[in-house]
Amino acid sequence: MPSSQELLLELQHIVDRPIRVMVVCGTHNRAILRYDLRERLPRNLELVAGPGCTVCVMPAGHIDAFVKIAKQPDVITTTCEDLLQVRGTRESLASIRAQGALVEVISTPRDSLAIAEANPDKIIVYPAVGFEATAPGIAEVILDAASRGIDNFCVIPSIRLLPPTLDSLLDDPHLSIDGLLCSDHINSLSDTEAYTTLAQKHHLACCIAGFEQEDILRCLLNMVKQIRSGVTQVDNLSAVVYSSEEYRKAKKMVAEVFFAVDTIWRGIGIIEESGFVIRDELSLYDATRRFNVRLPDEEIQCQCICGMIMSGLGLPPDCPDFGKACTIEHPIGPCMLSVEGICASYYNYTLEHGRPAAQPLHG
Ligand code: SF4
């Protein structure tokens with residue numbers, strides 16, 4: 001296997017025109033900053049961020065709904081750590097926990113079901129925040145609860161689907177993206193077919209990679225070679241491979257539990273069929289129906305430009321508040337609050353580590 005230095009040299013050699021790649025996933029964006037890759041890549045190879053941070057794309061009104069449900073009597077909200085600190089208009093799950101609400105941090109939706117079994121006198125609510133790759137695991141837990149008659153467990157359906165949103169963003173002629181760097185989450189149970197369709201429609205090179213420095217560089221090299229030879233396809237360089245049987249089973253579970261509806265993304269707006277809701281037959285497991293709380297489809301305006309950054313139209317240094325009014329200690333927007341957020345990654349790996357401050361996209 002070539003070293004990162006050899007891969008960088010080869011990239012320097014073959015990038016002979018401006019190429020713009022969208023780094024879809026927040027974990028990839030963080031890795032790129034951790035390895036300082038942006039500064040070491042050829043000048044013509046530009047990396048912009050995508051909408052792949054699940055917490056960052058949650059509108060403030062939806063966090064308000066999570067908080068409202070968490071404040072109901074006899075409710076235990078079970079959540080991932082990352083969502084805990086994200087504020088709605090005023091409060092977060094962490095702030096209401098400090099005031100006595102029952103909020104527990106868990107690792108998987110199955111932990112939530114286990115808490116439900118151990119606490120039959122409580123209703124356990126799981127805000128299902130994630131992209132399409134998380135849908136099979138959540139569907140499996142809901143079907144398991146239904147088959148075992150566990151009725152004190154329910155989910156706030158907040159799963160977002162990346163392909164329709166990328167499709168909508170890529171329609172913007174100002175974006176002019178040549179390739180998508182995708183994480184191996186898409187390789188799993190979301191549709192690689194959907195990415196193949198995207199690649200063909202928008203003439204993109206796509207490549208799926210793991211999160212190590214060499215994985216990312218090999219993927220960028222693959223995309224540059226695709227672009228140079230006019231190929232538009234999805235190549236998988238990830239070590240994670242799922243069997244067709246696993247894939248078929250996952251799709252079936254997802255179809256049994258969810259269907260896609262038009263859904264709002266923070267800073268981006270409403271995108272057609274870009275989120276999952278729970279089917280009527282399983283409405284007992286839908287916390288929004290159980291508690292009659294609506295997930296609003298309008299945005300609360302704020303000064304933060306996270307939406308623009310997650311749409312590939314800027315980078316954190318383009319924000320006038322970055323590193324000044326908005327820091328890790330005093331975050332304004334969700335991109336600074338979440339560990340997967342692009343502003344937090346920039347802050348941690350440029351300003352905090354004493355490297356020269358990163359350049360804005362529109363410098
Ligand atoms: S630096 Fe802060 S205010 Fe600016 S875009 Fe990022 S999160 Fe929003």
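Let me start with a helix pair: helix H9 (residues 162–170) packs against helix H11 (residues 192–202) at an angle of about 10°, and their axes are 10 Å apart. Helices here are DSSP runs of H or I with at least four residues, numbered from the N terminus. Axes are lines fitted to C-alpha atoms over the stretch in contact, and angles run from 0 to 180 degrees between N-to-C directions. H9 and H11 are therefore roughly parallel to each other, a term for angles under 35 degrees.

Before going on, a word on the source. This is a predicted model, in which local features need pLDDT of at least 70 and side-chain atom pairs count only at pLDDT 80 or more, while totals for chains, interfaces and linings use all residues. Residues are numbered from 1 along each chain as its sequence is written, and side-chain values use heavy atoms, with hydrogens and water left out.

Back to the pair. Leu162, Pro163, Leu166, Asp167 and Leu170 of H9 meet Ala194, Tyr195, Leu198, Lys201 and His202 of H11; contact means heavy atoms within 4.5 Å. By class, the residues of this contact of H9 with H11 are seven nonpolar, one polar and two charged. Nonpolar covers Ala, Val, Leu, Ile, Met, Phe, Trp, Tyr, Cys and Pro, charged covers Asp, Glu, Lys and Arg, and the others, Gly among them, are polar.

The next pair is helix H7 (residues 109–118) with helix H8 (residues 135–147), at an angle of about 20° and with axes 9 Å apart. H7 and H8 are therefore roughly parallel to each other. Pro109, Arg110 and Leu113 of H7 make the contact with Gly137, Ile138, Glu140, Val141, Asp144 and Ala145 of H8. Those residues divide into five nonpolar, one polar and three charged.

Now two single residues. Leaving aside neighbours within four places in sequence, Asn29 is in contact with Val23, Arg38, Ala49, Gly50 and Ile342.

Val67 is in helix H4 (residues 60–70) and, at 5% relative accessibility, counts as buried. With the neighbours within four places in sequence left aside, Val67 contacts Glu91, Ser92, Leu93 and Ile96.

Last, the ligand. Among the residues surrounding the ligand are Cys304, Cys306, Phe322, Gly333 and Met336. The shell has 10 nonpolar, one polar and no charged residues.

Definitions and conventions:
Helices (H or I, at least four residues) and strands (E, at least two) are DSSP runs, numbered from the N terminus. Angles under 35 degrees count as roughly parallel, over 145 as roughly antiparallel, 65 to 115 as roughly perpendicular and the rest as oblique. A residue is near a molecule or strand if one of its heavy atoms lies within 4 Å of it. Buried means under 20% relative accessible area, exposed over 50%, partly exposed in between (1.4 Å probe, protein chains only).
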